[in-house]
Amino acid sequence: MDILRYLCRQLINFKFLIMKKSLLIALLIASMFSSCGTSKESTPSLAGEWKITSVDNKEVKTEETPFLQFDGDKVHGKLGCNIYNTTITNKVGEAELTFSDKGQRTMMMCPDMEVEDAIIKALNETKSYRGDKNDKNKIELLNEAGNVVLVLKK
């Protein structure tokens with residue numbers, strides 16, 4: 001009878017040991033999959049005011065620095081001397097970004113309308129954005145081909 005009890009206890013301990021190892025393996029596998037998701041670079045927040053420093057790889061040189069102010073799905077800005085308002089489509093945490101083609105701007109005659117027109121063209125071409133790995137206060141707006149059309153800095 002003692003031998004039978006001893007064998008039963010050993011069997012129970014063995015089953016418990018196997019269950020612990022199985023649970024440990026399952027936890028390790030789950031942590032590997034969850035860490036795969038977090039290694040993905042996150043997209044920076046657009047919230048706040050961003051100065052437009054470059055359009056189509058050309059430095060912006062105007063009397064007043066053009067800017068865009070992002071507030072949720074609304075965008076307000078000054079493109080030089082004209083004010084601009086529109087909406088965007090952007091899911092938080094995703095790099096997709098499109099500006100509404102129904103944006104409104106004042107139509108004052110500015111000394112350099114070419115810059116403003118280039119900014120509007122770039123905004124209409126924008127399909128995504130990315131942060132700069134070396135400068136958290138800089139984002140680049142990209143067209144469908146992945147080319148930089150605008151550079152924004154805080």
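Predicted model: local features only at pLDDT ≥ 70, side-chain atom pairs only at ≥ 80, totals over all residues.

User: Where does pLDDT stay under 50?

Analyst: pLDDT, the predictor's confidence in each residue from 0 to 100, stays under 50 over residues 35-40. Residues are numbered from 1 along each chain as its sequence is written, and side-chain values use heavy atoms, with hydrogens and water left out.

User: And what is the mean pLDDT of the protein?

Analyst: The mean is 82, and 75% of the residues reach 70 or more.

User: Which strands pair with S1?

Analyst: Strands are DSSP runs of E with at least two residues, and helices are runs of H or I with at least four, numbered from the N terminus. Two strands pair if DSSP finds at least two bridges between them. S1 (residues 48-55) pairs in the antiparallel sense with S3 (residues 67-71) over 4 bridges, and Gly48 stands opposite Phe70 there. S1 also pairs in the antiparallel sense with S10 (residues 148-153) over 4 bridges, where Ile52 faces Leu152. With S2 (residues 58-59), S1 forms 2 antiparallel bridges; Ser54 has Glu59 as its bridge partner.

User: How many residues lie between the strands in the hairpin of S1 and S2?

Analyst: There are 2, and Asp56 takes a positive phi near 50° in this hairpin.

User: Changing topic: how many residues has the largest nonpolar core?

Analyst: It has 24 residues, and Ile52, Phe70 and Leu152 are among those with the most contacts inside it. Such a core is a set of buried Ala, Val, Leu, Ile, Met, Phe, Trp, Tyr and Cys residues joined through side-chain atoms within 4.5 Å. The elements giving two or more residues to it include S1, S3, S9 and helix H2 (113-125). H2 supplies the largest share, 5 residues.

User: What does Leu123 touch?

Analyst: Not counting residues up to four places away in sequence, Leu123 touches Leu68, Tyr84, Phe99, Leu141 and Leu150.

User: Finally, is Glu140 buried or exposed?

Analyst: Glu140, in strand S9 (residues 135-142), is buried because its relative accessible area is 14%. Buried means under 20%, exposed over 50% and partly exposed in between, with a 1.4 Å probe and protein chains only.

User: Which side chain makes a polar contact with that of Glu140?

Analyst: The side chain of Arg130 does, at 2.6 Å. A polar contact is a pair of N or O atoms within 3.5 Å; within protein, one must be able to donate a hydrogen and the other to accept it, and residues adjacent in sequence count only if both atoms are side-chain atoms.

Conventions
Contact = heavy atoms within 4.5 Å.
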